[in-house]
Amino acid sequence: DATRAEALGLEPALSRILTAQALWMWGEVERKARLPEAEERFTRGIELLEGDYRFDDPPFVFLRGALWDGLAGALLTAGKDNREAAGKAVSLLEEILKRDPGYSRAWTRLGHNCFDLVAAILRWGGDPEPVLRRAVEAYGRALEFDPSDKWSREYRAVCRFDLARSE
C-alpha cells in the first residue's frame with residue numbers, strides 16, 4: 001500500500017494510511033480481550049481515511065472496509081448493535097469489486113463480512129439466508145481468481161452447510 005501511495009502522489013497522506021493500517025492491526029489484537037480499546041482503534045482508523053478522495057483507490061477502500069469490518073466484529077462481541085458498521089463494510093467492498101472485479105482479497109473479505117453479518121442478523125432478528133447466499137457467492141468468486149485460497153474454500157463449505165441445514 002505504501003508503494004501505491006507514493007505512485008499516486010500521496011506522500012503527505014502516507015502517514016495517515018500507515019497509521020490507519022496500524023490501528024486496524026492493533027484493533028484486531030485488542031478485539032479478543034479489550035473491546036473498548038478495539039472500538040476506539042477501529043473508529044480512529046476510519047476517521048483518518050473517511051471523506052478523502054485520495055483514498056478511493058481499491059487498496060485504500062479495502063483498508064477502510066477492513067476497519068469497518070473490525071469495528072463491526074468488536075461491536076458484535078461486546079453485544080452492541082453492529083448492523084450499521086457491518087453494512088458499511090459490505091458496501092465498501094462491493095464498491096471496490098465494481099471497479100476491480102478480479103480483486104480476490106476483496107471477494108474473500110466480502111465473504112467474511114457476510115459470514116459475520118449472519119451472526120448479527122441472528123442476534124438482532126431477521127432471515128440470514130440471503131446473506132449466507134451472498135457469502136457463498138463471494139467465496140466462490142474469490143476461488144475463481146485464486147483457487148489456492150484455503151480460507152474461501154473452508155468458509156464457503158461452512159456457509160453451504162448452514163444453508164443446507166436451514167432448508
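**Ground rules.** I noted that this is a predicted model, in which local features need pLDDT of at least 70 and side-chain atom pairs count only at pLDDT 80 or more, while totals for chains, interfaces and linings use all residues. Residues are numbered from 1 along each chain as its sequence is written, and side-chain values use heavy atoms, with hydrogens and water left out.

**Whole chain.** I looked up the elements and found 8 helices and 0 strands. Helices here are DSSP runs of H or I of at least four residues, strands are E runs of at least two, and both are numbered from the N terminus. I then checked burial: 48% of the 167 residues are buried. Buried means under 20% relative accessible area, exposed means over 50%, and partly exposed lies in between, with a 1.4 Å probe and protein chains only. Of the contacts (heavy atoms within 4.5 Å) between residues at least 6 apart in sequence, 60% join residues at least 24 apart.

**Core.** I looked up the largest nonpolar core, which has 40 residues. Such a core is a set of buried Ala, Val, Leu, Ile, Met, Phe, Trp, Tyr and Cys residues joined through side-chain atoms within 4.5 Å. Trp-68, Leu-71, Ile-96, Ala-106 and Leu-110 touch the most other members. Helices α3, α4, α5, α6, α7 and α8 each supply at least two residues of this core, and α4 gives the most, with 9.

**Trp-68.** I left aside the neighbours of Trp-68 within four places in sequence and listed its contacts: Ile-46, Glu-50, Ala-85, Lys-88, Ala-89 and Leu-92.

**Glu-95.** I found Glu-95 in helix α5, residues 83–99. Glu-95 is partly exposed, with a relative accessible area of 31%. Glu-95 and Pro-58 are 37 residues apart in sequence, yet their C-alpha atoms are 8.6 Å apart in space.

**α7 and α8.** I looked up how α7 (residues 129–145) and α8 (residues 150–166) pack: their axes come within 9 Å and cross at roughly 150 degrees. That makes α7 roughly antiparallel to α8, a label for angles over 145 degrees. Axes are lines fitted to C-alpha atoms, for helices over the stretch in contact, and angles run from 0 to 180 degrees between N-to-C directions. The residues in this contact divide into 9 nonpolar, 2 polar and 6 charged. Here Ala, Val, Leu, Ile, Met, Phe, Trp, Tyr, Cys and Pro count as nonpolar, Asp, Glu, Lys and Arg as charged, and the others, Gly among them, as polar.

Methods:
Parallel < 35°, antiparallel > 145°, perpendicular 65-115°, else oblique.
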